[in-house]
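Please look over the sequence and the model below before reading on.

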Amino acid sequence: PPNSSGTPSPPPAVGAREKRRKRAAERATKIVFWLETKYDVLPEVCRSFENWKEAPSATYDFDLLWCDTAIAADRFMKLKLYQKMNHFVGMSSITRKNNLGRNLLRMRKQLPKEYKFFPDTWILPTDLSDFKNQFANSKNKTFIVKPDNGCQGKGIFLVRDVEKVPVDFSTTYVAQRYINKPFLLSGFKFDLRLYVLVVGCDPLRVFIHKRGLVRLASEQYVEPTNKNLQQSMVHLTNYAINKFNPNFEENTNPDDASDGHKRSWEAVQEQLRREGHDVDQLNAEIEDLIVKTLIAVQPSLSHFYHSCQPDDIDNSMCFEILGFDVMLDQKLQPWLLEVNHAPSFATESELDRMVKTQVLTDTFVLLNLTPEVRRQKKRDARDKMELRAMGQAKKQTMEERAALEQHIARERSAWEEAHAGGFKRLYPSEAKEREYMAVYDAAVNIWEMLMGGTSRRTVRLMERTEEEAAKEEPKKGRQARHGDKGEGKSEAASKDSVKRTPEQVREVVDRLVAGCSSRPRNAEGR
C-alpha cells in the first residue's frame with residue numbers, strides 16, 4: 001500500500017532487513033560496553049569516549065564487560081576472543097585475606113628475604129595453636145584479627161589477651177601482628193590505597209597509577225593498650241568507619257597534603273620529599289612488593305585463563321583494577337595489608353572524583369578497544385572455522401605458538417609504553433624478568449607441587465638461555481608422553497580438565513585458589 005506521500009511502501013521483510021543492516025553498520029563503528037555497577041562514575045567515563053555506547057542487555061554483542069563483583073569461570077568461558085572483562089578467574093588467590101596469607105607464607109618459606117613485606121600472619125582456626133603460643137612469651141604483643149571475607153572494616157578487632165582469641169570453627173579469620181609504630185601524618189595513623197592494573201597474566205602485565213589515596217584515621221594515634229583496643233577510629237584507617245566520626249573532615253583541596261582525613265598520595269609524596277625522606281626508595285619498595293605479590297599467583301592465573309580460553313594468544317581478554325592497601329611504619333618501610341578485587345569507585349569528594357576518573361580513563365585507553373581489532377578477530381575466527389570444516393586446519397606446534405605469543409607480547413609492550421597515561425609499568429620488561437626470575441621459579445615450583453604436574457611455560461619478552469632451554473627439555477618430554485596439547489598439564493590433570501561442566505569448573509577454581517589439589521579425593525577408592 002502507498003504511504004502518506006503516495007509512493008509504495010517497501011514490504012515488511014525488506015524494511016526489517018534494512019533496519020538490521022543499518023544497526024550492523026552502526027555497530028561496526030562502535031565499542032559496546034555492558035556495566036553491572038552501582039558507581040555513577042563508570043558510565044560517565046565510558047560515555048566520555050567518542051565512539052562508545054552502552055549495550056541494551058547483557059546478551060548483546062558487547063566488547064567490554066564490567067562487573068563490581070567477581071565473574072564466574074563459566075561466564076568467562078563463553079566470551080568471544082574480542083571481548084574483555086574486568087576480572088581474572090582465580091584472582092581471589094590474593095584478594096581473599098586467608099588466600100593471600102596462605103600464598104605469601106608459602107613464598108616466604110621458599111624465599112624468606114624476598115617476602116618480608118607483610119606482617120606475620122596466622123589463618124584461624126587452622127593455625128590457632130601456633131597463634132596462641134605467641135602470647136606465651138610476651139604480654140605486650142598486639143594482634144589485629146579480621147574476618148576472611150570482610151570488607152570496609154567490618155568485624156575487625158585488636159587482641160592482646162589469649163582468652164579473647166576467637167575459637168569459632170565455622171568462621172575463618174586472619175590474624176596479623178599489629179604494626180604498633182606506624183608513620184604518622186599530623187599525628188594520625190594512615191594507609192595508602194594504590195591502584196594497580198593487571199592487563200595480562202601470561203606474561204604478567206602490571207601497572208601502578210600515579211594517583212592514589214591516603215586514608216587517615218579520624219582520631220590522634222596512641223599505641224594500643226588494653227584500655228584503648230576498642231577505639232576503632234584510632235587504630236583503623238578504613239574510610240567506611242571513620243566517615244561517621246563527627247571530627248572527620250573531607251578533603252577540599254586535592255593539592256594540599258594536610259587537608260582532611262583523605263588526601264592525595266601525590267601531594268603527600270611531595271610533602272615527604274620536603275621533609276627529607278627518600279620517596280624514590282619508598283616507591284621502589286612498594287612497587288617491588290606489588291610485583292612479588294602478583295608473581296606468587298601468576299601460575300594459577302595463567303592456568304585458569306588458558307583452561308577457559310585455550311585459543312587466545314593475545315593474553316588480553318581480562319583486566320583488573322586492584323586496590324593494594326599499604327601501611328608505612330616509623331622507618332617508612334611499606335607493609336602490605338591486603339588486596340581488594342573490587343576497590344570502591346564512589347566519588348564522595350572532589351579528590352575521589354579526580355583520582356578515580358583518571359584511573360578508569362587511563363585503564364580503558366590501555367585496553368586498546370577498537371572496531372578494527374574486533375573485526376580482525378571475527379575474521380580470524382571465521383577463517384579458522386572454515387579451514388577446520390574443510391579439514392585443512394594446520395596444527396600449530398608448541399614452538400610456533402610460543403614464538404607467536406612472544407612476538408605479540410613485545411609489540412603490545414611497545415604500544416602500551418606510548419599509551420600508559422598516568423600508569424607506570426611494573427612488569428614485564430626484559431630487565432624485570434631477569435630480576436624476578438628466582439621469585440617466579442619459586443612460584444612455579446609451589447604450583448606444580450599443588451597440582452602434581454608441570455606448569456605451562458610462561459611467555460617472556462627476553463630470549464631463553466641455553467641453560468633454561470636444557471632445563472625445559474625434560475618437561476617437554478613428559479608433556480609429549482602424556483599427550484599434552486601445550487598447556488603444561490600432567491596426564492591426570494589433562495583427564496581431569498576434559499569436558500568439565502560449568503559447575504565442575506567453579507569447584508576446581510574454588511579448590512585451587514584455596515591452596516588445595518584440583519582433584520578431590522575419591523572416597524570410594526580409599
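Is Leu332 buried or exposed in this model? Leu332 is buried, because its relative accessible area is 9%, which is under the 20% limit used here.

Most residues other than glycine have a negative phi, and most peptide bonds are trans. Ser186, which is not a glycine either, has a positive phi of about 55 degrees, and its place is the loop between strand S9 (184–185) and S10. Ser186 is partly exposed, with a relative accessible area of 48%, whereas Leu332 is buried.

Two peptide bonds are cis, one joining Asp202 and Pro203 and one running from Tyr427 to Pro428. The table sets out where the proline of each bond lies.

| Cis peptide bond | Omega | Loop that holds the proline |
|---|---|---|
| Asp202 to Pro203 | about 5 degrees | between strand S10 (188–201) and strand S11 (204–216) |
| Tyr427 to Pro428 | near 5 degrees | between strand S15 (423–427) and helix H15 (430–435) |

**The interior**

In soluble globular proteins, nonpolar side chains tend to be buried together. Here the largest nonpolar core has 73 residues, and those with the most contacts inside it are Ile290, Leu294 and Phe324. Helix H10 (residues 279–295) gives the largest share of this core, 8 residues. A second, separate core of 30 residues includes Tyr39, Val199, Ile321 and Phe345.

Which residues is Phe324 in contact with, leaving aside its neighbours within four places in sequence? Among them are Leu192, Arg193, Leu194 and Val196, and also Leu289, Ile290, Thr293 and Leu294. Leu336, Glu338 and Val339 are in contact with Phe324 as well.

Helix H11 (residues 298–308) is mostly covered, with 10 of its 11 residues buried. The buried residues of H11 include Pro299, Leu301, Phe304 and Tyr305, but also Gln298, His303 and His306.

**A sheet and a helix across it**

An open sheet is formed by 4 strands in the order S5-S8-S6-S7, with antiparallel pairing. Its edge strands are strand S5 (121–124) and strand S7 (157–159), each of which pairs on one side only. On average, neighbouring strands of this sheet are turned by 25 degrees against each other, direction ignored. Strand S6 (residues 143–147) pairs with S7 in the antiparallel sense over 3 bridges, and Val145 stands opposite Phe157 in S7. Helix H5 (residues 97–110) lies across S5, S6 and strand S8 (173–177), and runs at about 130 degrees to S5.

The chain averages a pLDDT of 87, and 85% of the residues score at least 70. Over residues 480–498, however, the pLDDT is below 50, and this stretch has 26 contacts in the model beyond near neighbours in sequence. The pLDDT is also below 50 over residues 521–526, a stretch with 1 contact beyond near neighbours in sequence. Where pLDDT is low, the predicted coordinates should not be read in detail.

Definitions and conventions
Residues numbered from 1 in each chain as written. Predicted model: local features only at pLDDT ≥ 70, side-chain atom pairs only at ≥ 80, totals over all residues. Heavy atoms only, no water. Core = buried A, V, L, I, M, F, W, Y, C linked by side-chain atoms within 4.5 Å. Buried < 20%, exposed > 50% of the residue type's maximum accessible area, 1.4 Å probe, protein only. Helix = DSSP H or I, 4+ residues; strand = E, 2+ residues; numbered from the N terminus. Contact = heavy atoms within 4.5 Å. pLDDT = per-residue confidence, 0-100. Pairing = 2+ DSSP bridges. Axes fitted to C-alpha atoms, helices over the stretch in contact; angles between N-to-C directions.
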